Amino acid sequence: MAVSAVDMLRQMVLPIVAVVIGTQNFGMTVGVTAAIAATVLVVAVGSTWLRWSRLKYFIGETDIRVESGIVSLAKRSVPYERIQDVSLEQKLIPRLFGLVEVRFETGAGGKDELHLAYVSEGEGARLRELVRRRQEEDEAAAGGEGEVAEEARARVEEGELLFAMGPKRIFTFGLFEFSLVVFAVLAGLAQQLEFFVDFDIWDLDLWRDIAGQGSDRISSLGRMGQVLGAVAGLVSLVFVGFATGLARTAAREWDFRLTRTAKGFRRRRGLFTRTDVLMPAHRVQAASLGTGVIRRIFGWHSLKFVSLAQDSGAANHVVAPFATREEIDPIAAEAGIDLSMDGLQWLQPSPSYWLDRTLVVSAFAAIVAGGWWIFDRPLVGAAIFLGVTAIAAIANGLASLRYRHVTNEGQLFIRTGFLSPDYIVAPQVRLQSVEIAQGPLARLRGYCEVHFGLPGGRMHIHGVPVGEARMLRDSILQRIAHTDYSRLDDQKIRPLSNLLTTT
């Protein structure tokens, strides 16, 4: 209730101020204004208490049930087997009270997810452990996980640190996270607080006059003063961008720690909002390796897991946001994914695919240009046709350098990007389906799109020759058909056992 009260007061500040200003404008006394503000507070506190008193959760043998509602009672029950993941989140105020929000990820996303706010830290840990234990009991009843899995898990019961970021690494990371979002925040605040000022902050004429006065003052400084002013403005803008990036990065990634426990990958991070997410290893379906144009030059990459659980907000599956390949490869190996790409013979989409894309855009441009010809504007029509066609040709030519794919050692690699390539790597046995899609033009030209069913993510390849696509589909389906899925968890845990034996 204390946390809810503090949060409610934070949300009620602006409405109360608006009420006070509004009553003063109508000539009401201070007593009446205070009475109105007090009434608003009482109603808010009362509704918060009613919601809290009607919120209950029950731990059953097969499910977790949550009941809530003031006027109408809503009861929601989620079986343990449907819970993909359990994460703990601590915002600043709940953290001061030793409370956490428990999120039960079901894969439904948004409001359909089950969550409890707030319980004690001990109760949150107990609920997470309870769900894990019930799921393991169900798996054991279905056939067990194998001696190799049990031995490897026992050896990492306390958790093994895989990756961490200290202040120096976070500072370096922040330098690459240049952001000017602070100006958007200021614009939002200005819109919310415009009743405090006695002029219209969105009056363009007003700002044009202010800008004109400023330009007159700058002109009076002379050429050197103008140059120095421009440099100072640019330096200030850059400083704000770097400072914003550093602040956002520190708030999000502070004390980042990724450990390998018996239950999976546990990630803890955050300065004001502390999150504790546990990703079961057997639910990891693929790995996404990303970078940026500048950070690639310095050898920095990011690693994200594609998981069965919902991937959004603070509960996303980024396991190494700013790391070198030497740090990332062992993390992926723990999930049974090999990111080694040395010696791979990358395949590229059919040239006909990119040519056809250019011709389709050019055809639409020709239709638009024909309209200008009808209105006796042939030069404008020709300029539109040639310009759009040239842009489409250049764009598709560059795109043809971005997309590559290859299969190797039972894994599927897809690369997108040229200057800052991103990779998604998935073991073929974790794919659920392979679909070959062709439109009329693709059937005529002999290429297709291949879509792979990947739980929790998307994988597709454009412009694959039909013969190559069929061979890829048959290879993957054959590998899936010959996989004993009752032993798949053992295969996924084995890289951990091998790594421990090696070290």
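This is a predicted model: local features need pLDDT of at least 70, side-chain atom pairs count only at pLDDT 80 or more; totals for chains, interfaces and linings use all residues.
Strands here are DSSP runs of at least two residues, and helices are runs of at least four, both numbered from the N terminus. On that count, E409 falls in the loop between strand 14 and strand 15 (411-416).

D255 is partly exposed, with a relative accessible area of 36%. Another backbone feature turns up at A117 and Y118, which are joined by a cis peptide bond with omega at about 5°. Y118 belongs to strand 6 (residues 114-120). As background, most residues other than glycine have a negative phi, and most peptide bonds are trans.

How far can the model be trusted, going by pLDDT? The mean over the protein is 79, and 77% of the residues reach 70 or more. Two stretches call for some care. Over residues 144-157 pLDDT stays under 50, and the model has 30 contacts beyond four places in sequence for them. Residues 489-503 also stay under 50, with 33 such contacts in the model.

Turning to the aromatic side chains, the structure holds twelve aromatic pairs. One of them is F173 with F322: the ring centres are 4.7 Å apart and the planes are at 15°, so the pair is stacked. F173 sits in helix 6 (residues 167-175) and F322 in strand 13 (residues 318-323), so this pair ties together parts that are 149 residues apart in sequence. Both partners are tucked away from the surface by the numbers: F173 is buried at a relative accessible area of 3%, and F322 is buried at 0%.

A further pair, F176 with F298, is edge-to-face, with 5.8 Å from centre to centre and 70° between the planes. It also links distant parts of the chain, since F176 is in the loop between helix 6 and helix 7 (181-192), while F298 is in the loop between helix 10 (293-297) and strand 12 (301-307), 122 residues apart. F176 is partly exposed, with a relative accessible area of 23%, whereas F298 counts as exposed at 55%. Put together, ring pairs link F173, F176, F298, W300 and F322 into a cluster.

R65 lies over the face of F58, at 4.7 Å from the ring centre. Likewise, the charged end of R260 sits over the ring of F265, at 5.1 Å from its centre.

Which residues of helix 6 are buried? They are R169, I170, F173 and G174. Seen down the axis of helix 6, the buried residues fall within an arc of 140°, so they line one face of the helix. P167 and K168 are exposed on the other side of helix 6.

Buried in helix 13 are G381, T389, A392, N396 and A399. Looking down the axis of helix 13, these buried residues fall within an arc of 95°, so they line one face of the helix. On the other side, L379, L386, I391, I394 and L398 are exposed. The cover over the buried residues of helix 13 includes helix 12 (351-374).

Finally, helix 15 (residues 466-481) has 16 residues and reaches 22 Å from its first C-alpha to its last, close to the 22 Å expected at 1.5 Å a residue. V466, A469, L472, I476 and I480 are its buried residues. Down the axis of helix 15, they fall within an arc of 125°, so they line one face of the helix. M471 and A481 are exposed on the other side of helix 15. What covers the buried residues of helix 15 includes several strands: strand 14 (404-408), strand 17 (433-437), strand 18 (447-454) and strand 19 (457-465).

Conventions. Residues are numbered from 1 along each chain as its sequence is written. Side-chain values use heavy atoms; hydrogens and water are left out. Buried means under 20% relative accessible area, exposed over 50%, partly exposed in between (1.4 Å probe, protein chains only). The arc is that of the directions from the helix axis to the C-beta atoms. Contact means heavy atoms within 4.5 Å. pLDDT is the predictor's confidence in each residue, from 0 to 100. Rings of Phe, Tyr and Trp (its six-membered ring) pair if their centres lie within 6.5 Å; planes under 30 degrees apart count as stacked, over 60 as edge-to-face and the rest as tilted. A charge sits over a ring if NZ of Lys or CZ of Arg is within 6 Å of the ring centre and within 35 degrees of the ring normal. The expected span of a helix is 1.5 Å times one less than its number of residues.
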